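Hi,

Here is the structure I promised to pass on. Have a look at it below, and then read on for what turned up when I went through the side chains.

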Amino acid sequence: MRTKLRGAPKKAPGPFALFRSEVMADVVRENKGLKTGELAKKVGELWKAVPDDKKVEYQKRADVLKEEYDKKLTEFRRDKIYSTFLKERMRVKLKENKQVNLWDAPKKPKSVFALYAEKHKQEVPAGKGEGKGVSALKQKFSQASEEEKKALEEQAKNLKEKYMQDVREFKESDKYKQYEKTDKAIQRELSTAGLKVLTVKFLNAAPPQPPKSPFAVFVSEKRKASAEPEGAKKSKEAKREEVVGFTKEWAKLDKPSKAAYESTYKDKMKEWEAEVKAFMAQDIWKEYLAEAKEFKVPVTNLLAQRASALRQLSGGVGLPERPEAMPARPPDAYKVFSEEKSPEVDGDKEQLLKMWEGMSVEDKAKYFTEASKLQQEYDKQMAEFKKTDEGKNYFRDVSRILRVKKVKRAKEVYLKDMPKMPPSALKVFMAKEMAELKKTSPLMKGFEAKKLAEEKWKTMDPADKQKLEQEAEEALQAYRDKMAEFKKTTEFTKFTRAKLTSAPPAKPTGAPVKPLSALRAYMKEMQGLGKKREELEKDFNELPEADKNARLEKAKELQNKYAEELAEFRKTPEFKTYQKFQFLHQKRTNCTLAKYKFCADAPKKPAAAIMLFMGDKRKDIMRDHPELKGTQVLGKASELWNAMSPEERGPWLQKEKEAKDVYNKKMEEFKNSENYKAYMKVVNRYQKGKAKAKGAGKGKGKGKAPDAGQAPKGPEYRDRAKERRELKGEYETIAQEFENHGEVSVEQSKYLGGDMAHTHLVKGLDFALLSKVRTEITKQQKAEELQEQRKQRKAGLDKKKRFETPLGKRVYFSVVETMHPHHVSFKKRMQNMTKALALGQRIRGAPSTFLPGRMAYEFDTGMSQGSSDIPRTIFASKEDAPKVDMSKRVAPILIETV
């Protein structure tokens, strides 16, 4: 079959074809009787003899004809005739492919009704209509016996199975593979041709792409300003040299000039996006979508490139929406200049840029000063905004998102060469087996293939399975070795630091800000000029002497003021809290990094008994309770665990104990390793530093230990041990006091140590020891008294308690005795009592004194042994107590009574 393309323009001839059309008639006339091939050779010889300048003329004529042909072809491709031709050609090619390559394909088997009709078609009159042909067979089939239908169904089933087997065998043949290959080529041909048609017909009418960057805007303006004619062709080398020159010029521009090009770029992007949205709202875009569907080509999203770029810039996660109350960033020096001069040039941005670049530094200083004032006002407004709840929430969200981006960026930069973990033995087997099943059974569903592969894995020969597992284990060990080497690299260390470290604590509000030096203040004023640091330092040194001295004097005054404010701020609680947070942040960061570095091989803590139980029973619970999902399964397992007796929990408790023993043994071995010692070295450094940090904030050098063999200097230090040895100072009268001490009573002397005649004289820090000894002796006496009381109770020497009323006895034993804080069941009874009171439970037979909320006992649960342990009774009047409905069990209570 063939399809004709009527109305298509004829292809333009080349230079040789033009020459042949001119000389062919003469060649045929001069060489009568020659065949076509010999005539073509004659024409070729004549073409070789044509001079080069003549060939150039033919080439020019051919180029003109080619341009005309391209225009006609483009217009023709816009016509619906060409689109219809492409679709018809694809339909014809697909049909030819089926007829050629699927001629020997298995034919579909007959259905049950078709088998019945073939058997009984001679029993009904032929023809169409009621009571004839198919209609009569349908009526006869509806009245057929069940045995005959079952027999036909069995026959149809066997035919279908045979057909499926034949199809599987046919799909393995070369004929079917050739069919698939040809079919894909036809589809690809249509998609390519259709894409060209759609581009010519629709996408070329879309708004042209805008510049890709501010630099592209700069290059475009430079090219427009050049004297070269528009559309002039250049070689790749010439274009590359031109771009290199523009790059150097771009690097010399100051910051405001670049910002202006950035602003122009953003404006053009906004204009382009508006034009694209307007274009996509037209009918032509709907026609494009319809034809793209017919040609089976993906729809081109005109804004996809822009959206993709924005996603890459933002790291895949967008920042939170800017609050309305957040102050807007102030304009820089160039924008201040533009706002002032824009009316003079009617907003011409190119003219504004030329004016700015032509200004001297002294003329620009005015705008830099104005921009600096606006920046200071903005900083104050931003500081106030950060104190509000809205500002705190916004910057908290920004910090969180930036942290995610930081980790993602670190992963992309530092983990490019990280080894990939190999698949497990099961995964390798499943992938290989499912690929084979897909070849042998192409009509099989994915889940069916997966199920068959899993069953094959379970029934697999143990030797073959062991071989696969051994290969997977070798690959895993090789991966671990590579990973261990990779973790030693600087790239992994940098990634770890980026992942685990957090931002340092923010400086407290009200903290003085360190002022800039004179040089840095000058550099900040001139930062928009695009000059390097060395150039700005040179300009600062070349300033007039008076101006330079004024700047230095102002910086000195600000520095002195800052020192005074800082000294006052260091006395505040906020500074001490900030120091504490600084210390904790440093400790947390370095300890986390040390743990990640040195404790990677530390043994993992074993699972608790309840977690082992949940792991064993999870599948059973999911089988018995299919309605439970996720955490509900864990909740059910927890209920089962709580309902079990200690004997039933025994197997899992034993597993937990065994796992703990193994863990403790491994942990003891790990604690002797060099890695653990290195980790503890970091931890101990901060534990020691924590004790020193208590006196922080009182100046440098406080709390430092003196060097060995050298006494600390200072007016407050006294070597009392030396004075005592040499009996100097207040120790000159020690001998006299020692003699008089013999008259001290035994009760007083026992606190000083020694006996009545020989004791120590307590001076200075020894009084602290005296107080400590006295406290220990007092505690020992009280403990002995308490022990004696316990012995008396055990021996039955204490008096038997007597009660005047049964209610008093019941209250005592149910409340006072059993609710004593030292009683073994105190905690359990308090919990039960709280639940009962919360439910409004009342003491049976109790008078109105025990109404809920009227009387309560207050216990001191933190009392020491030997203290007064009598609870304090709190009464409320009957009127103040909440009303109780005696007909109901639940009654309201005051929460403070519980």
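Let me start with F218, which is buried, with a relative accessible area of 2%. Please keep in mind that this is a predicted model. F246 counts as buried too, at 9% relative accessibility.

In one of them, the ring centres of F218 and F246 lie 6.4 Å apart with the planes at 85°, so the pair is edge-to-face. F218 sits in helix α9 (residues 214–225) and F246 in helix α10 (residues 236–252), so this pair links distant parts of the chain, 28 residues apart. F218 and F246 also belong to a cluster held together by ring pairs, along with F215, W250 and Y261.

Then there is F613, whose ring meets that of W652: the centres are 5.0 Å apart and the planes are at 90°, so this pair is edge-to-face. F613 comes from helix α26 (residues 609–624) and W652 from helix α28 (residues 646–671), so parts that are 39 residues apart in sequence are tied together. Both F613 and W652 are buried.

Now for the charges. The structure holds 25 salt bridges, and here are a few of them.

- E57 and K54 form a salt bridge, with the closest N and O atoms 3.9 Å apart. They are three residues apart in helix α3 (residues 52–78), about one helical turn. E57 is partly exposed at 46% relative accessible area, and K54 is partly exposed at 38%.
- E412 and R409 meet through their side chains in a salt bridge of 3.8 Å, N to O. Both lie in helix α17 (residues 389–414), three residues apart, about one turn of the helix. E412 is partly exposed, with a relative accessible area of 43%, whereas R409 is exposed at 54%.
- E118 pairs with K110 in a salt bridge whose closest N and O atoms are 2.9 Å apart. E118 counts as partly exposed at 44% relative accessibility, and K110 is partly exposed with a relative accessible area of 38%.

Salt bridges also link E340, K341, E344 and K366 into a network.

One last thing to look at is a patch of negative charge on the surface, where E146, E147, E153, E154 and E161 gather. E146 has its place in helix α7 (residues 146–171).

Happy browsing, and do write back with any thoughts!

Best wishes

Conventions: Residues numbered from 1 in each chain as written. Predicted model: local features only at pLDDT ≥ 70, side-chain atom pairs only at ≥ 80, totals over all residues. Heavy atoms only, no water. Patch = residues over 30% accessible without salt bridge, like charges linked within 9 Å, V, L, I, M, F, W, Y side chains within 5 Å. Areas by Shrake-Rupley, 256 points an atom, 1.4 Å probe, with all protein chains shown as cover. Salt bridge = Lys/Arg side-chain N within 4 Å of Asp/Glu carboxyl O. Lys, Arg positive; Asp, Glu negative; His and termini not counted. Charge placed at Lys NZ, Arg CZ, Asp CG, Glu CD. Helix = DSSP H or I, 4+ residues; strand = E, 2+ residues; numbered from the N terminus. Buried < 20%, exposed > 50% of the residue type's maximum accessible area, 1.4 Å probe, protein only. Phe/Tyr/Trp six-rings, centres within 6.5 Å; stacked < 30°, edge-to-face > 60°.
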